[in-house]
Amino acid sequence: MQASNLQQEANLISRMERMPLNKALLTLVGLLSWCWVMEAFDLGMIGQVVAVLKKIWDLDASTLGLLGSCSTAGVVIGTASAGFLTDRFGRKRILLWGVFIFTFFTLIGSLYENLAWIVTMRFIGGLGAGAVFPIIADGAEITMKIGKKGRACFTRTGVLSEIAPAKHRGILVCICNAILTASYLLPTLCGSWAINNFSLDVAWRVPFIVGGLPIVTIYFLHRWLPESPRGRHDEVRQLVERLEKSAGIEHDDTFINPDVLRSLEQAAAAERTRTGTSWKALFRAPYLSRSLVSWSMYSAGLITWYVVMVYVPTILTTYGFQLSNSVILTGCMMVIGGAGSVVIGPLADKYGRKPIWSLYVIITIISLFLLTSTDSIPMLLFIGSFVAFFGTGIMPVCKVYIAEQYPTELRGVGTGFGEAVSRVVGGVLATYYLAFFLSVGGVKGVFTFMAVAFAIAIIALWIWGQETARRSVEDTSAAPQK
């Protein structure tokens, strides 16, 4: 990057970083949160759809597993493709296309009572949803690199992390994540209302229709959302000046934060000397054991997440719950899991990743075995809330732990590859085969499978995993001294 471009980049980023909260900035955050609300509705509605169609079509285990996992398969491919697509076409364009794809194909998914049609529409919708999620917010830190055309850009982060000033980034990301978690209640409320007010032949279509209607909001997203505010000087300047005008700050083309300039210079120097790191390094020491440990942790968490989201409505009906009530309870469990994820963050920072994650998992394993031995409805709900809080609450630590295992030049590859592997194992394969456990071993077979997956992960963590809390990323990612 030429010096003038570097100074220009530093000026714009510095002005973004000093930005106070203002109406224009909060509007952008609100628009990004709305994208998450739409996506949460789209992904969260599958549980009641599976439960209703199983009942009216008498689906076998293979078909049930296919229906439950098809959208997740699309999400995996969409997420894996998001980085390449956004680098080539820009984040705003891919975000808009992603929203269009998952809303449009959700909407038309209700047209035909044909399983192949529904599975295909859910898969294509998953492609769009998978592309959207990492664009909004992906990654726990900002890693800078110099692009091929000589402009600085940020990788493994989303637009939310980039437009939010550093001093407000944590609270804004937490608020958006809270909105995302609470949004999983919406499809359950919609599904329960549809089941209570329509025949089952109609009720399964209602979430598809409601989930597709927000397609009309793409116009407002196109009009008000900016392109990713890092790396495109003309567009960035327009955005920065708009935000400064809203905040009452004078435009200053000379202001540069020395820390920002230093980071840009270091990133440019690192890029010039970097020879490139292949994904094959993930399968060599010392990163192989680290990868396997973090993947097993993330996969176990995703198994619980998808059991709650996809199969809990069906499981609860086997205990005698009405279908509409089962759907509502599933949404409540998703919110309980969100509360668990809020609590685990500060605890893991203070007391360590390994002990706090292990405590959550041990409580989950105990709860799962208790569930296999109780037929009491009150105890089922009470213990099930523990599984939701602790079993799905581990997800933030799983994501952070993966990123802490790799050096800068390998971190993007490691986290992306790890998320893809974990979603395939815990989201696609496990969701598919859990239908067989449910049909052969009943709900006790499902709970036992989940407990075993957690046991494998916790054993791997304590044998091969390292403690990363209160250590710099450079320290945790460094190869051990011989």
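Reader: Why is D58 called exposed?

Author: The relative accessible area of D58 is 65%, and the word exposed is kept for values over 50%, while buried means under 20% and partly exposed covers what lies in between (1.4 Å probe, protein chains only); D58 is therefore counted as exposed. The model is a predicted one, in which local features need pLDDT of at least 70 and side-chain atom pairs count only at pLDDT 80 or more, whereas totals for chains, interfaces and linings use all residues. Residues are numbered from 1 along each chain as its sequence is written, and side-chain values use heavy atoms, with hydrogens and water left out.

Reader: Where does D58 lie, and what is noted about its phi?

Author: D58 lies in the loop between helix 3 (46-57) and helix 4 (61-89), where helices (H or I, at least four residues) and strands (E, at least two) are DSSP runs, numbered from the N terminus. Its phi is near 55°, a positive value in a residue other than glycine, and as background, most residues other than glycine have a negative phi. R470, in the loop between helix 21 (442-464) and helix 22 (473-477), likewise has a positive phi, near 60°, and with 61% relative accessibility R470 counts as exposed.

Reader: What does the comparison give for helix 16, and where does helix 16 bend?

Author: Helix 16 (residues 323-351) has 29 residues that should span 42 Å, and its end C-alpha atoms are 41 Å apart, which agrees. A bend of about 25° is found at I344, with a proline, P346, following within four residues; the bend at a residue is the angle between axes fitted to the seven residues ending there and the seven starting there. Just after helix 16, G352 takes a positive phi of about 110°.

Reader: Why is R353 called buried?

Author: R353, which lies in helix 17 (residues 353-371), has a relative accessible area of 9%, and so it is classed as buried.

Reader: What makes the pairing of R353 and D349 a polar contact?

Author: A polar contact is a pair of N or O atoms within 3.5 Å, and within protein one must be able to donate a hydrogen and the other to accept it, while residues adjacent in sequence count only if both atoms are side-chain atoms. The side chains of R353 and D349 are joined at 2.8 Å, and the side chain of R353 also reaches the backbone oxygen of A348, at 3.4 Å. If contact is taken as heavy atoms within 4.5 Å, and neighbours within four places in sequence are left aside, R353 is in contact with residues including S358, Y401, E404 and E467.

Reader: How many residues does the largest nonpolar core have, and which of them touch the most other members?

Author: The largest nonpolar core has 122 residues, of which L95, V99 and W357 touch the most other members; such a core is a set of buried Ala, Val, Leu, Ile, Met, Phe, Trp, Tyr and Cys residues joined through side-chain atoms within 4.5 Å. Its largest share, 18 residues, comes from helix 15 (residues 287-318). A second, separate core of six residues includes L6, V260, L261 and L264. W357 is in contact with M297, I394, V397, C398, A457, I458 and L461, leaving aside its neighbours within four places in sequence.

Reader: How many disulfides does a search of the whole structure find?

Author: A disulfide is a pair of cysteine sulfur atoms within 2.5 Å, and a search of the whole structure finds zero of them. As for individual cysteines, C35 has a relative accessible area of 0% and is therefore buried, and C70, at 6% relative accessibility, is also counted as buried.

Reader: Which residues form a cis peptide bond?

Author: A285 and P286 are joined by a cis peptide bond, with omega about 5°, and P286 is placed in the loop between helix 14 (258-273) and helix 15.

Terms used. The expected span of a helix is 1.5 Å times one less than its number of residues.
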